[in-house]
Amino acid sequence: MPDRPRTRFAPSPTGSLHVGSARTALFNYLFARRHGGEFLLRIEDTDVARSRIEWIESIQSDLRWLGIDWDGEPVLQSTRFGKYRDAVQSMLDAGLAYESYETPEELEAINAERKAAKLPPGYDGRARDLTPGQRAALAGEGRPRVVRFRTPDTGQSTFEDRIRGTVSVDWSTVADFVILRSDDTPTFFLANAVDDLEMGITHVLRGEDLIDSTHRVLALRRALGAEQQPEYAHMPLILSADRSKLSKRHGAVALDEFRDDGFLPEALVNYLALLGWSPADGREVLSLHDLADAFDLDRVGNTAAIFDYKKLEWLDGEHIRALSLDELAARARPFADARYDGRLGDDAFRGALVVGQERASTIGALVDQMGFLCAGDDFAIAPDSWEKLAATDRIAEILDAAAAHLETCEWHHDAIDLRPVLESLDVKPRKGMPALYAAVEGRHAGLPLFESIEMLGRDESVRRLRAARERLDAG
């Protein structure tokens with residue numbers, strides 16, 4: 001390994017940062033920091049039509065939110081088109097690349113012919129040996145011009161992957177591929193090869209979906225005069241529980257969604273690190289600093305990682321419980337202000353944090369449970385919770401007894417405890433408590449009920465129980 005390894009994260013700014021891309025960034029960051037190296041950020045914005053400046057800014061914002069910093073200024077490929085064209089020209093001059101002028105319809109016909117002949121799909125190299133005059137004639141017809149790399153006709157491409165071992169492909173199965181598009185922009189293969197060389201990248205950690213592209217990139221590096229290649233590690237993909245590609249139908253997949261849902265960045269980083277990797281000591285709750293100290297590329301597996309939202313929520317809860325009350329308040333207050341438009345007073349807010357921190361899975365969910373404390377005349381029981389309340393056996397007696405108890409009991413949560421009230425009616429708490437939650441908090445589950453009643457106050461708590469009783473009578 002070089003004395004100072006150099007890794008990079010190279011996203012395309014065409015949308016919100018996906019958790020799979022975030023994990024790629026994280027592993028590159030951890031590897032570099034673990035070995036005293038550098039972690040660089042490169043924005044692959046050569047697709048000018050789809051790339052947007054706001055996505056470039058969003059990528060950087062998302063990485064900073066996760067606590068991932070990079071060395072030096074971000075490199076934008078859109079500022080380097082001249083370097084890519086120079087590289088193409090050098091390969092044209094050396095006979096390692098050539099111009100071709102097929103129309104889209106002709107390319108479709110070539111693929112159809114190869115399919116009928118049971119040959120691998122791709123270009124058949126028919127423009128390899130055109131004369132300068134023939135190329136000039138085709139250009140004169142106004143045909144689209146692309147530049148293709150001339151792949152070897154025989155032999156194999158081989159490289160060693162830190163996760164997957166020896167990876168080989170027969171060159172006879174790899175068609176001549178485009179390196180410069182008809183609009184004069186570089187393809188991924190070319191820009192990747194040129195930039196990794198110039199940036200001195202020593203280790204490339206990325207998803208296994210890019211493993212086939214490695215052979216093309218390495219061929220281009222050699223064509224540009226570089227025999228030394230970086231170390232590659234192609235990480236397993238992240239899949240959903242049903243082993244399909246992780247997508248929005250399974251839940252949040254973009255970092256901004258997790259942020260908006262109230263997940264802590266340190267918890268998300270912790271969880272992403274465990275998708276395909278685990279520390280030697282088996283720990284699960286780790287800070288970013290802990291991860292950088294423990295990260296070992298040899299412990300990254302080669303099987304798909306399953307994204308488990310429940311496991312993420314558990315980890316988030318562990319990180320929430322590690323916060324002091326003041327830290328938790330600082331994280332949660334913006335969510336509360338946005339959710340309740342400043343109506344949730346500080347005493348009620350901090351009181352809810354005190355009783356809710358131990359059970360919380362996300363800050364977003366914790367703040368959502370606070371609404372009953374500032375609802376006032378707008379308090380309402382959620383429809384599904386009302387159905388559960390109304391279906392509870394002996395519900396009228398339960399509401400009457402609970403209200404009577406709260407009217408006279410001492411006002412602290414131990415005295416407020418309504419379980420003895422239920423037991424006196426011969427109702428098991430697990431049967432009656434959801435209805436009492438619904439009557440007081442508007443949901444059949446929420447913040448610890450007796451502490452919530454104490455914060456809400458005697459008069460308002462009794463009023464809500466009586467209101468639920470009257471609603472039952474009204475049918």
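1. Contact of helix 3 with helix 6. Lys83, Tyr84, Ala87, Val88 and Met91 of helix 3 meet Leu190, Ala191, Val194, Asp195 and Glu198 of helix 6. Contact here means heavy atoms within 4.5 Å. By class, the residues of this contact comprise seven nonpolar, no polar and three charged. Ala, Val, Leu, Ile, Met, Phe, Trp, Tyr, Cys and Pro count as nonpolar, Asp, Glu, Lys and Arg as charged, and the others, Gly among them, as polar.

2. Basis of the note. The model is a predicted one, in which local features need pLDDT of at least 70 and side-chain atom pairs count only at pLDDT 80 or more, while totals for chains, interfaces and linings use all residues. Residues are numbered from 1 along each chain as its sequence is written, and side-chain values use heavy atoms, with hydrogens and water left out. Helices (H or I, at least four residues) and strands (E, at least two) are DSSP runs, numbered from the N terminus.

3. Geometry of helix 3 and helix 6. The axes of helix 3 (residues 81–93) and helix 6 (residues 188–199) come within 10 Å and cross at roughly 105°. Axes are lines fitted to C-alpha atoms, for helices over the stretch in contact, and angles run from 0 to 180 degrees between N-to-C directions. Helix 3 and helix 6 are therefore roughly perpendicular to each other. Angles under 35 degrees count as roughly parallel, over 145 as roughly antiparallel, 65 to 115 as roughly perpendicular and the rest as oblique.

4. Helix 9 against helix 11. The axes of helix 9 (residues 265–273) and helix 11 (residues 309–321) come within 9 Å, crossing at roughly 135°. The two helices, helix 9 and helix 11, are therefore oblique to each other. Helix 9 passes helix 11 in a right-handed crossing; a crossing is left-handed if the near helix is turned anticlockwise from the far one by less than a right angle, and right-handed if clockwise. On the side of helix 9 the contact is made by Glu266, Ala267, Leu268, Asn270 and Tyr271, and on that of helix 11 by Lys311, Leu312, Leu315, Asp316 and His319. Five of the residues in the contact of helix 9 with helix 11 are nonpolar, two polar and three charged.

5. Burial of helix 9. How many of the nine residues of helix 9 are buried? Eight of them are, so helix 9 is largely enclosed by the rest of the structure. Buried means under 20% relative accessible area, exposed over 50%, and partly exposed in between (1.4 Å probe, protein chains only). The buried residues of helix 9 are Pro265, Ala267, Leu268, Val269, Asn270, Tyr271, Leu272 and Ala273.

6. Helix 15 against helix 21. The axes of helix 15 (residues 383–390) and helix 21 (residues 458–474) come within 12 Å, and their crossing angle is roughly 75°. That makes helix 15 roughly perpendicular to helix 21. Trp386, Leu389 and Ala390 in helix 15 meet Ala468, Arg471 and Leu472 in helix 21. The contact of helix 15 with helix 21 consists of five nonpolar residues, no polar and one charged.

7. The loop between helix 4 and helix 5. Pro121 is placed in the loop between helix 4 (104–116) and helix 5 (132–140), and at 66% relative accessibility it counts as exposed. Not counting residues up to four places away in sequence, Pro121 touches Asn111, Arg114 and Ala175. Lys118 also lies in the loop between helix 4 and helix 5. Lys118 has a positive phi of about 60° although it is not a glycine, and its relative accessibility of 76% makes it exposed.

8. Asp341. This residue lies in the loop between helix 12 (325–340) and helix 13 (346–356). Asp341 has a phi near 55°, a positive value in a residue other than glycine. At 67% relative accessibility, Asp341 counts as exposed.

9. Leu366. Is Leu366 buried or exposed? Leu366, in helix 14 (residues 363–368), is buried, with a relative accessible area of 1%. Leu366 touches Leu328, Ala352, Leu353, Gly356, Ala360 and Leu447, not counting residues up to four places away in sequence.

10. Cysteines. A search of the whole structure finds zero disulfides, a disulfide being a pair of cysteine sulfur atoms within 2.5 Å. Cys374 is buried at a relative accessible area of 13%, and Cys409 is buried at 9%.
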